[in-house]
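Please view the sequence and the structure before reading on.

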Amino acid sequence: MNPFKYGNIVSGKFFYNRKVELERVKATLSGGNNLVLYAPRRYGKSSLVNKALIELGKEGFITVYIDFMAIYSSEIFIRNYSNAVVSKKKSSIEKITKYISKIIRGIVPTVSFNQSGVPEFSFSWIEGSNKEETLEDVINLPEKLSSSKEKWIIAFDEFQEITKLNGESFEKILRSLIQHHKNVTYLFLGSRTHLLKDMFSNRNRAFYNSAMLMNLDKINIDDSVNYLIRKFSNEKIKISKEVAAYLVNKVNAIPYFIQFVAAEIWQDVITKNKVVEKRLVDKAIKSIIELKSDYYWELTSKQTNYRKKVLHALSCSNNGIYAKETIKKFNLGANSTTQKAIATFIDDGIIEKYNNELLFSDPIYKMFLEENL
Ligand SMILES: Nc1ncnc2c1ncn2[C@@H]1O[C@H](COP(=O)(O)OP(=O)(O)OP(=O)(O)O)[C@@H](O)[C@H]1O
Ligand SMILES: [Mg+2]
């Protein structure tokens, strides 16, 4: 089996590093302070939080994880959230259902059985009921179920998506209620860093100053290099420090892409010579570009001609998009027009503004553009 894994959350033997970050997340949450964890896409936020929640669970906290990416209405939130919360309570489902019928307005809770015959919590709406009341009661549910001896920790992943629910009203309701929760601590995480940061550091927003902000950086390059060497060597595959560093730097040290390229290399060499050379790194990247080229072409063809020009310039100008030489070489217009194009890329998640640098969220897409535009 491929020892490298890419996609969503990784855990167990697929997870490496992040010791310091893990301790910080755990210490903040177990100390009862709310935390915002932000980083660009695919840096490993969800995996880190997953690990933190597992460990906090072992320390006696009740933990809940909710992904706002999958939530497109407040009704879905009510359903998913109440289910996630109820499933964490150890008392019998019948007992808790009875309790919930008393404290949540607007719904009739029932016990149903899933395909394996395991009892599950479900509910039906009371017709004509006030859904905002139900929402409030569901948000307060963890606090009601918790106690000073049984504290809860709740993680909201891709939290910036909340603004797509009912504009800012959902955000306001959530904030106004959870600020009174004494035995529940909240962790907010997300990949749209500018949106998430704005929610917590803009004075006019409901969550202003309500949590500590923590930025998750990439994994240290040396640690990733050592990890690659170790993992390949477990498979009796040799990779030198230099080649491993070449791989890591090629993909801008973004954890997801390190794993993606390494997995591709493993597939290529496992039955062959078992030595990874630089050219095999390039070969793996090339085959990933091919694999994703339909998607990349679609993404590119959606852009206006001017935006294509800016993308092209971003992908291969070394001295910055606003440098005189770049403007001349790519025949760019006024800086304000270029800025507008970049703002669209940032909104669409193609480009990340990180430490004042403009970076491609997907370094392989950058290589695709370099080759094809
Ligand atoms: N600590 C880690 N150890 C090994 N691989 C990791 C680690 N962190 C991230 N990865 C790699 O990155 C991929 C994405 O991780 P994860 O989903 O946790 O990131 P994310 O920041 O939540 O991403 P997204 O922005 O897409 O939600 C994983 O599937 C894995 O390949
Ligand atoms: Mg994630």
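This is a predicted model: local features need pLDDT of at least 70, side-chain atom pairs count only at pLDDT 80 or more; totals for chains, interfaces and linings use all residues.

Residues are numbered from 1 along each chain as its sequence is written, chains are lettered from A and ligands numbered from 1 in the order in which they are written, and side-chain values use heavy atoms, without hydrogens and water.

**Ligand site**

Ligand 1 is surrounded by 23 residues, each having a heavy atom within 4 Å of the ligand. The closest are Lys5, Asn8, Arg41, Lys45 and Ser47. By class, this shell comprises 10 nonpolar, seven polar and six charged residues. Helix 2 (45–58) and helix 10 (255–269) each contribute at least two residues to the shell; helices are DSSP runs (H or I) of at least four residues and strands (E) of at least two.

| Protein atom | Ligand 1 atom | Distance |
|---|---|---|
| Asn8, polar backbone atom | oxygen | 2.6 Å |
| Arg41, side-chain N or O atom | oxygen | 2.7 Å |
| Glu158, polar side-chain atom | oxygen | 3.2 Å |

Taken alone, ligand 1 exposes 630 Å², of which the protein buries 96%; these areas come from the Shrake-Rupley method with a 1.4 Å probe.

**Strand pair**

Strand 10 (residues 351–354) and strand 11 (residues 357–360) are paired antiparallel over four bridges, where pairing requires at least two DSSP bridges. Glu352 stands opposite Leu359 in strand 11. The two strands form a hairpin with two residues between them, and Asn355 in the turn has a positive phi of about 45°.

**Cavity**

The structure holds one cavity of 30 Å³ or more, a cavity being a set of points on a 1 Å grid over the protein atoms alone where a 1.4 Å probe fits but cannot get out. The largest cavity contains about 50 Å³ of space, a volume filled by probe spheres set on the points. Its lining residues, with an atom within 4 Å of a point, are Pro40, Arg41, Tyr43, Ile254, Glu352, Leu359, Phe360 and Ser361. Five of the lining residues are nonpolar, one is polar and two are charged.

How values were computed:
A polar contact is a pair of N or O atoms within 3.5 Å; within protein, one must be able to donate a hydrogen and the other to accept it, and residues adjacent in sequence count only if both atoms are side-chain atoms. Ala, Val, Leu, Ile, Met, Phe, Trp, Tyr, Cys and Pro count as nonpolar, Asp, Glu, Lys and Arg as charged, and the others, Gly among them, as polar. On a 1 Å grid over the protein atoms alone, a cavity is a set of points where a 1.4 Å probe fits but cannot get out, and a pocket is an open set with protein on both sides within 12 Å along at least five of seven lines; lining residues have an atom within 4 Å of a point.
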